[in-house]
Amino acid sequence: MSSLAVSDDRAEAKVPAKVIQPAWVRVLHWINAVAMIVMIMSGWQIYNASPLFSFTFSRSITLGGWLGGALLWHFAAMWLLMVNGLIYLILGFVTGRFRRKLLPITPGGVISDTKAALTFKLSHDDLSKYNSVQKLLYAGIIVVGVVIVLSGLSIWKPVQLQWLTALFGGYDVARYVHFICMALIVAFLVIHVALAVLVPKSLRAMIIGR
């Protein structure tokens with residue numbers, strides 16, 4: 001009887017851990033993270049050259065050293081982010097990941113999970129399933145990512161892409177839209193990193209997949 005128990009234990013031990021994040025998600029995630037950080041820091045340096053508000057960002061957290069250098073970093077990261085993001089969107093739809101992971105999103109579910117999160121009662125036992133707050137945040141950041149790319153293109157090429165610039169209400173309005181989207185992405189990153197610290201197994205899953 002004991003030998004059977006031992007063999008059962010060994011069989012269970014040999015069962016591979018459940019894949020939480022497939023390889024393509026992990027690779028695209030980390031490429032996106034690097035590109036986004038470079039874009040944000042270089043974007044702050046570009047902002048400092050012509051501020052929209054009565055403040056500027058400390059040079060210690062900017063990238064590029066000056067306007068020309070910041071633009072070079074920004075455009076390099078922009079292409080990386082656009083290509084990487086496009087691949088992510090295509091694979092997300094083709095594999096059905098977006099449908100499985102992000103839908104449905106209901107107001108009731110968001111309110112309920114928000115209350116649970118604020119009282120530290122939100123469960124993170126099954127990392128393969130997103131709660132309603134995660135669904136809303138991840139779906140929302142995808143939309144914000146698309147808007148920030150489009151608004152950035154309208155600022156970069158306001159003459160060649162007049163229709164796009166006009167869609168945002170003009171060059172000046174597009175700059176504000178771009179800044180607001182940047183602020184939303186930074187806020188998302190802060191929350192995202194905080195959750196990774198609070199639930200370290202989610203970070204492990206994004207590194208090794210299991």
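How do the residues of the lining of the largest cavity divide into nonpolar, polar and charged?

Guide: The lining of the largest cavity divides into 5 nonpolar residues, 2 polar and no charged. In this classification, Ala, Val, Leu, Ile, Met, Phe, Trp, Tyr, Cys and Pro count as nonpolar, Asp, Glu, Lys and Arg as charged, and the others, including Gly, as polar. The model is predicted: local features need pLDDT of at least 70 and side-chain atom pairs count only at pLDDT 80 or more, while totals for chains, interfaces and linings use all residues. Residues are numbered from 1 along each chain as its sequence is written, and side-chain values use heavy atoms, with hydrogens and water left out.

The structure holds 1 cavity of 30 Å³ or more, and the volume of the largest cavity is about 50 Å³. On a 1 Å grid over the protein atoms alone, a cavity is a set of points where a 1.4 Å probe fits but cannot get out; a pocket is an open set with protein on both sides within 12 Å along at least five of seven lines; and lining residues have an atom within 4 Å of a point. Grid points are joined across faces, edges and corners, and a volume is the space filled by probe spheres set on the points.

Gln134, Leu137, Tyr138, Phe188, Ile191, His192 and Leu195 line the largest cavity. Two or more of these lining residues come from each of helix H6 (132–156) and helix H8 (171–198), and H8 gives the most, with 4 residues. Helices here are DSSP runs (H or I, at least four residues), numbered from the N terminus.

The largest pocket has a volume of about 1500 Å³. Among its 50 lining residues, those closest to its centre are His29, Tyr138, Ile141, Phe188 and His192. Tyr138, Phe188 and His192 also belong to the cavity lining. H6 supplies the largest share of the lining of this pocket, 9 residues, and the lining as a whole divides into 33 nonpolar, 12 polar and 5 charged residues.

The second largest pocket holds about 740 Å³ of space. Of the 29 residues that line it, Gly43, Ile46, His74, Ile155 and His178 are the closest to its centre. H2, H3, H6 and H8 each give two or more residues to this lining, with H2 giving the most, 8 residues. The division here is 23 nonpolar, 5 polar and 1 charged.
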